[in-house]
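Subject: Structure handover

Hello,

Here is the structure for your own work. Please look through it first; my notes on what was found follow below.

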Amino acid sequence: MESNLSIAEVARRTGLTAHTLRYYERIGLIAAVSRAPGGQRRYAAADMEWLAFLLRLRETGMPIQGMQAFAGLRSQGDASIGERRAMLESHLAEVRSKVEALQQSMQALAHKIEHYRGIEARRPSSSGHAPASTKRKKHAPAAATPTPTDDDQPGDRRALRARPRETAADRR
C-alpha cells in the first residue's frame with residue numbers, strides 16, 4: 001500500500017468524498033492527518049486501514065456517535081481494549097439481529113414469489129390474459145388492518161405483522 005496519498009486519491013479508493021474525509025478528521029474519527037509542505041493532507045497506510053474499518057462500521061449501521069466513541073477509546077491505546085471489544089460485541093449482536101430479520105423477510109418474499117409463479121403456471125397463456133371467470137370485480141379500497149389472504153399460512157400470525165396488507169392488485 002502506498003503511503004502519503006493525497007485526499008483525492010483516498011477519496012477515489014474509499015468512495016468517500018474529500019468533504020467527508022475532512023469532516024471525519026474534524027469530528028475526531030480520523031486523527032490529524034500529516035501534511036505536505038504545501039499544507040495538503042497526506043494519508044499513510046495506517047490511515048487507510050483505519051478508514052477501511054470505519055467504513056465497515058458505517059456499512060453495518062453504526063451511527064457516527066458510536067464510531068466517535070470507538071475512535072475515542074482507540075486513541076487511549078491498549079488501556080481501552082476491553083471497552084472496545086465490548087462495544088464491538090454489542091454492535092455485532094445488533095448486526096446479527098438485523099441480518100436475521102432480513103433473512104426472514106427474504107424467505108417471506110421468496111414464498112410469495114413462488115406462490116405467484118404457481119398461479120401463473122396454472123393460467124392459460126395463449127391470450128396472455130386471465131380467463132373471464134377469474135377477472136375480479138372492483139372493490140372498495142383495502143382496509144388498513146391486515147387480514148389473512150388466501151395464500152397466507154394458516155395460523156401464521158407473524159406473517160400478518162411482517163408485511164403490509166395484500167391488495168387485490170397484488171393477488172392478480
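**Overall composition**

Of the 172 residues in the protein, 24% are buried. Please keep in mind throughout that this is a predicted model. The accessible surface comes to about 12,300 Å², and carbon and sulfur atoms account for 54% of that area.

The secondary structure consists of seven helices and two strands. In sequence order the elements run α-α-β-β-α-α-α-α-α. If we take contacts between residues at least 6 apart in sequence, 49% of them link residues at least 24 apart.

**Helix packing**

Two packed helices are described by the angle between their axes and the distance between the axes.

*α1 with α2.* Helix α2 spans residues 18–26, and its axis lies 9 Å from that of α1, at an angle of about 100 degrees. The two helices are therefore roughly perpendicular to each other, given that angles of 65 to 115 degrees fall in that class. On the α1 side the contact involves Ile7, Val10 and Ala11, and on the α2 side Ala18, Leu21 and Arg22. Five of these residues are nonpolar, none is polar and one is charged.

*α1 with α3.* Helix α1 covers residues 7–14 and helix α3 covers residues 45–59; their axes come within 11 Å and cross at roughly 40 degrees. That angle makes α1 oblique to α3. The crossing of α1 and α3 is right-handed. Here Val10, Arg13 and Thr14 of α1 touch Met48, Leu51 and Leu55 of α3. Sorted by class, this contact has four nonpolar residues, one polar and one charged. Val10 takes part in the contact with α2 and also in the contact with α3.

*α4 with α5.* Helix α4 runs over residues 64–74 and helix α5 over residues 81–122, with axes that come within 9 Å and cross at roughly 155 degrees. This makes α4 roughly antiparallel to α5, since the class takes angles over 145 degrees. The crossing of α4 and α5 is left-handed. From α4 the contact draws on Gly66, Ala69, Phe70, Leu73 and Arg74, and from α5 on Glu83, Arg84, Met87 and Leu88. By class these residues are five nonpolar, one polar and three charged.

**Individual residues**

Which residues does Leu54 touch, leaving aside those up to four places away in sequence? They are Tyr24, Leu29, Ile30 and Met67. Leu54 itself sits in helix α3. Its relative accessible area is 1%, so Leu54 counts as buried, the limit being under 20%. Phe70 is one of the α4 residues in the contact with α5.

Ala52 is another residue of helix α3. With a relative accessibility of 41%, Ala52 is classed as partly exposed. Along the chain Ala52 and Thr14 are 38 residues apart, while 7.5 Å separates their C-alpha atoms. Thr14 is among the α1 residues that meet α3.

Thr17 lies in the loop between α1 and α2. Its relative accessible area is 45%, so Thr17 is partly exposed as well. Thr17 and Ile7 are ten residues apart in sequence, with a C-alpha to C-alpha distance of 8.8 Å. Ile7 belongs to the α1 side of the contact with α2.

Regards

Methods
Residues numbered from 1 in each chain as written. Predicted model: local features only at pLDDT ≥ 70, side-chain atom pairs only at ≥ 80, totals over all residues. Heavy atoms only, no water. Helix = DSSP H or I, 4+ residues; strand = E, 2+ residues; numbered from the N terminus. Buried < 20%, exposed > 50% of the residue type's maximum accessible area, 1.4 Å probe, protein only. Contact = heavy atoms within 4.5 Å. Areas by Shrake-Rupley, 256 points an atom, 1.4 Å probe, with all protein chains shown as cover. Axes fitted to C-alpha atoms, helices over the stretch in contact; angles between N-to-C directions. Parallel < 35°, antiparallel > 145°, perpendicular 65-115°, else oblique. Left-handed = near helix turned anticlockwise from the far one by under 90°. Nonpolar A, V, L, I, M, F, W, Y, C, P; charged D, E, K, R; others polar.
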